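Hi everyone, thanks for making time for this.

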Amino acid sequence: MESFPIDTLPTAGDIHMACFTAVKNAPDLKEKLQNQDKSLTFAIVESNLIMDVFQLLLAATKAAHDNETGKLATQTISTEIIYNLSPSKNIAESLKRFGISEDTTSLIAVKIGGNADEIMEEMSRTVEGNLVSFSKLDQEKDMVRLRQYYKIDPKVSEDKDILNWIIGAIAMKNVQ
């Protein structure tokens, strides 16, 4: 697990992220997400839709800010993280696309605030899978879906340019 401080919101706590592969209980986790089960206290994201950890940090920082200012678009900070990954303002569509499916075998768990050791224990207890390094993200990207969801121009081909496109879409989502 990796933890990152939110310098602009020190009272929110750190952003904690853990990457899991060979996940065996995706259907149960998806059901908990859909039922907004209070025992699931962290966001669960499809890892193959994450180009870089920065993408998650931006979505989580926006969620923390919206939580602090009382402006969450969703019901929980965990679902707000997933919602913020999407360029769409449609909450259901965002959660469906970036949340997990019953077939998910690789995911990233994200939580804002709390004690890192306790969160790692909770994530490991909840997700039945293998904890792996974030370097595994490079091997699992679903470029077809990323291009589709973020409407990335076909002429954009380098990873850094694709990531910039994605970050721009996330950052500009609520700008009017």
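Let's begin with a pair of charged side chains: Lys-111 and Glu-122 form a salt bridge, and their closest N and O atoms are 3.9 Å apart. Lys-111 sits in strand 4 while Glu-122 belongs to helix 5, residues 116–126, so this pair ties together parts that are eleven residues apart in sequence. Before I go further, please keep in mind that this is a predicted model.

Are the two partners buried or exposed? Lys-111 is buried, because its relative accessible area is 18%, and buried here means under 20%. Glu-122 is buried too, with a relative accessibility of 13%. As background, side chains of opposite charge can pair when their charged atoms come close.

How many salt bridges does a search of the whole structure find? The answer is six. Let me show you two others. Arg-145 pairs with Asp-142, and here the closest N and O atoms are 3.5 Å apart. Arg-145 has a relative accessible area of 21%, so Arg-145 counts as partly exposed. Then there is the salt bridge between the side chains of Asp-161 and Lys-160, at 3.3 Å from N to O. Asp-161 is partly exposed, at 30% relative accessibility, whereas Lys-160 reaches 53% and therefore counts as exposed.

Arg-145 and Asp-142 lead us to a neighbour, Asn-48. You'll find Asn-48 in the loop between strand 3 and helix 2. Which residues does Asn-48 contact, leaving aside its neighbours within four places in sequence? They are Glu-140, Lys-141, Asp-142, Arg-145 and Leu-146. Asn-48 itself is buried, since its relative accessibility is 18%.

Now please turn to helix 3, which covers residues 77–85. This helix is mostly covered, with eight of its nine residues buried. The buried ones are Ser-78, Thr-79, Glu-80, Ile-81, Ile-82, Tyr-83, Asn-84 and Leu-85. What do they pack against? There are two strands among the partners, strand 3 (43–46) and strand 4 (107–112). The helices they pack against are helix 2 (53–68), helix 4 (91–98), helix 7 (143–150) and helix 8 (159–172). A general point about helices: an α-helix has 3.6 residues a turn, so residues three or four places apart point the same way.

Let's zoom in on one residue of helix 3, Ser-78. Ser-78 counts as buried because its relative accessible area is 11%. Not counting residues up to four places away in sequence, Ser-78 touches Thr-41, Phe-42 and Ala-43. If you like a distance to go with that, the C-alpha atoms of Ser-78 and Ile-167 are separated by 19 Å, and these two are 89 residues apart along the chain.

Gly-99 lies in the loop between helix 4 and strand 4. With residues up to four places away in sequence set aside, Gly-99 touches Ile-82, along with Ile-44, Glu-46 and Ser-94. At 4% relative accessibility, Gly-99 counts as buried. Gly-99 and Ser-47 are 52 residues apart in sequence, yet their C-alpha atoms are 9.4 Å apart in space.

Next, a look at the backbone. Most residues other than glycine have a negative phi, and most peptide bonds are trans. Where do we find a positive phi of about 50 degrees in a residue that is not a glycine? Lys-151 is one place, and it lies in the loop between helix 7 and helix 8. Lys-151 is exposed, because its relative accessible area is 65%. Ala-22 also has a positive phi, near 50 degrees. Ala-22 is in the loop between strand 2 (15–21) and helix 1, and its relative accessible area of 38% makes it partly exposed.

Finally, let's move to the surface. Asp-28, Glu-31, Glu-102, Asp-103 and Glu-128 gather there in a patch of negative charge. One of them, Glu-31, belongs to helix 1, residues 26–34. Glu-31 counts as partly exposed, because its relative accessibility is 47%.

Key. Residues numbered from 1 in each chain as written. Predicted model: local features only at pLDDT ≥ 70, side-chain atom pairs only at ≥ 80, totals over all residues. Heavy atoms only, no water. Buried < 20%, exposed > 50% of the residue type's maximum accessible area, 1.4 Å probe, protein only. Helix = DSSP H or I, 4+ residues; strand = E, 2+ residues; numbered from the N terminus. Contact = heavy atoms within 4.5 Å. Patch = residues over 30% accessible without salt bridge, like charges linked within 9 Å, V, L, I, M, F, W, Y side chains within 5 Å. Areas by Shrake-Rupley, 256 points an atom, 1.4 Å probe, with all protein chains shown as cover. Salt bridge = Lys/Arg side-chain N within 4 Å of Asp/Glu carboxyl O. Lys, Arg positive; Asp, Glu negative; His and termini not counted. Charge placed at Lys NZ, Arg CZ, Asp CG, Glu CD.
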